[in-house]
Amino acid sequence: MADFNKILTPGDYENGEINVVIEIPTGSNHKIEWDRKNACFMLDRVEPIAFAKPCNYGFIPQTLDEDGDELDVLLITDQPLTTGIYTKARVLGVMKFVDSDEVDDKIIAVPADDRNNGDKYKQLTDLPEQLIKQIEFHFNHYKDLKKPGTTEVKEFADLEEAKKVITDAIKRWEDQ
C-alpha cells in the first residue's frame, strides 16, 4: 500500500477542493485509522453498533489537526465508500469539535463530481437538516458508553472557516 501522505497533497483547498482518503465507510462501527508510522490502515477498535458512522470518515493528506492526527473529513455520499480509496471533494464547511478536551475538528465535504445529486451541495446549508442533526448527535454521544461527556460539537461553520482550519493543519504538517 502507498503512503498517502507521500503521494497525495491536501488538494486545491484555497478553491474549496481537497483530497480525502477514506478510513471508515458510512454505516460501519469499525474504528479504522490510518497508521502514519506504518503507512497502513489498522482496526483500532469495534464500537457498539448503535454508534455506526452516519457518513464516510477520512482525512486530508499532509495535514495535522491539534490532536496530532491528520485533519478529519466527513464525506457525504449516498452509498458507503471503501476504506483505502481517495477522492477529490468539495468543502462545504467544518464541524468544530472537542474530544477529551482536544480540538478535533471535522471538515464536511461532498465528492467534487457528484452526478447522482447533480452537484447540488455547494454549502453546508444545502445539506438536509436531518443529516446535520444526525451527525451532531453521533459525535456528541458516540463515546457515551465508555467515556460519557467527553465529546462536544461546538458549532458548524462555513467554507471560509473550514479553509482556515485546513490552512492551519497544513502549516502544522509542514512545521513538524
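Predicted model: local features only at pLDDT ≥ 70, side-chain atom pairs only at ≥ 80, totals over all residues.
**Start with the whole chain.** Trace the cartoon along the sequence, and the elements come in the order α-β-β-β-β-β-β-β-β-α-β-α. The radius of gyration is 15 Å, close to the 16 Å that the globule rule gives for 176 residues, so the chain is as compact as a globular protein of that length. Along the principal axes, the C-alpha atoms fill a box of roughly 40 × 40 × 30 Å.

The accessible surface of the protein chain is about 8900 Å², with 48% of it belonging to carbon and sulfur atoms. Of the 176 residues, 49% count as buried. Now colour by charge: there are 22 positive and 36 negative side chains, and the centres of these two sets lie 2 Å apart.

**Now select lysine 106.** This residue sits in strand 8, which covers residues 106–111. Is lysine 106 buried or exposed? Lysine 106 counts as buried because its relative accessibility is 0%, and the cut-off for buried is under 20%.

**Show the side chains around lysine 106.** One, of 2.7 Å, joins the side chain of lysine 106 to that of aspartate 72; another, of 3.0 Å, joins the side chains of lysine 106 and aspartate 104. Beyond its neighbours within four places in sequence, lysine 106 is in contact with residues including Tyr57, Leu74, Met95 and Phe139.

**Last stop: leucine 75.** Draw a C-alpha to C-alpha distance from lysine 106 to leucine 75 and you get 9.8 Å, with the two residues 31 apart in sequence.

Methods
Residues numbered from 1 in each chain as written. Heavy atoms only, no water. Helix = DSSP H or I, 4+ residues; strand = E, 2+ residues; numbered from the N terminus. Rg over C-alpha atoms; globule rule 2.2 N^0.38 Å. Buried < 20%, exposed > 50% of the residue type's maximum accessible area, 1.4 Å probe, protein only. Areas by Shrake-Rupley, 256 points an atom, 1.4 Å probe, with all protein chains shown as cover. Lys, Arg positive; Asp, Glu negative; His and termini not counted. Charge placed at Lys NZ, Arg CZ, Asp CG, Glu CD. Contact = heavy atoms within 4.5 Å. Polar contact = N/O pair within 3.5 Å; in protein donor to acceptor, adjacent residues only side chain to side chain.
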